[in-house]
Amino acid sequence: MTLGNLETLYDGLLSDQDRKVISLHFGEPATSTFRTYIMSIREVRNACAHGNVLFGLTLSKGIRAGAACSSFSGNSQQNFSGTLRVIDYLLRRISINRANDMWNEIYAAARLLYSKAPSLKTLIETQTGIVLPVSLSK
């Protein structure tokens, strides 16, 4: 199933109780908030699939504050930075090792990018929220 199919399936469940069982499985008590999580991930996935630039992405609807993101800074509930927080949160609910693998790959890609184009570091950090830990900055 595609992420779009999963979003449609979740929305199409007749019982809000069924949606609640799913959202609670991922630690989010509000089904409407969990829906924004699914929507944001789908939009980021589609942007990746179609070669869009993630650091300039604006989501069609904002991510609601909840278990994944109790608060947002700036405009992060509308962009890739907020979605990355949601992905990290949901992935950690599934597998901490997979979440750590994701961050290791992101940091490796960032280090490679910064070694080739150091002037992009501030832009990428500001727009995505991806900041290399001090121990990995070198």
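Throughout this walk, a contact means heavy atoms within 4.5 Å. The model is predicted, so local features need pLDDT of at least 70 and side-chain atom pairs count only at pLDDT 80 or more, while totals for chains, interfaces and linings use all residues. Residues are numbered from 1 along each chain as its sequence is written, and side-chain values use heavy atoms, with hydrogens and water left out.

Let's start with Arg93. Leave aside its neighbours within four places in sequence, and Arg93 is in contact with Leu24, His25, Phe26 and Gly27. Arg93 sits in helix α4; helices here are DSSP runs (H or I, at least four residues; strands are E, at least two), numbered from the N terminus. Its relative accessibility is 45%, so Arg93 counts as partly exposed. That label covers what falls between buried (under 20% relative accessible area) and exposed (over 50%), using a 1.4 Å probe and protein chains only. Now look across to Gly62: it is 31 residues from Arg93 along the chain, and their C-alpha atoms are separated by 22 Å.

Next, the inside. The largest nonpolar core has 27 residues, and Val86 and Leu90 have the most contacts inside it. A core of this kind is a set of buried Ala, Val, Leu, Ile, Met, Phe, Trp, Tyr and Cys residues joined through side-chain atoms within 4.5 Å. In soluble globular proteins, nonpolar side chains tend to be buried together. Two or more residues of this core come from each of α3 (31-49), α4 (80-94) and α5 (96-116). Not counting residues up to four places away in sequence, Val86 touches Tyr37, Ser40, Ile41, Ile63, Ala68 and Cys69.

So how do the helices pack? Take α3 and α4: their axes come within 9 Å and cross at roughly 115 degrees. Axes are lines fitted to C-alpha atoms, for helices over the stretch in contact, and angles run from 0 to 180 degrees between N-to-C directions. That makes α3 roughly perpendicular to α4, given that 65 to 115 degrees gets that name, under 35 is roughly parallel, over 145 roughly antiparallel and the rest oblique. The crossing of α3 and α4 is left-handed, meaning the near helix is turned anticlockwise from the far one by less than a right angle (clockwise would be right-handed). On the α3 side you'll find Phe34, Tyr37, Ser40, Ile41 and Val44, which meet Phe80, Thr83, Val86, Ile87 and Leu90 of α4. Sorted by class, this contact has 8 nonpolar, 2 polar and no charged residues. Here Ala, Val, Leu, Ile, Met, Phe, Trp, Tyr, Cys and Pro count as nonpolar, Asp, Glu, Lys and Arg as charged, and the others, Gly among them, as polar.

On to α1 (residues 3-12), which packs with α3 at about 160 degrees, their axes 9 Å apart. That makes α1 roughly antiparallel to α3. From α1 come Leu3, Gly4, Glu7, Tyr10 and Asp11, while the α3 side includes Phe34, Arg35, Arg42 and Arg45. This contact has 6 nonpolar, 2 polar and 5 charged residues.

The axes of α4 and α5 come within 6 Å and cross at roughly 145 degrees. Their contact divides into 9 nonpolar, 1 polar and 3 charged residues.

Finally, Gly129 lies in the segment after α6 (121-128). At 43% relative accessibility, Gly129 is partly exposed. Beyond its neighbours within four places in sequence, Gly129 is in contact with Ser81 and Ile124.
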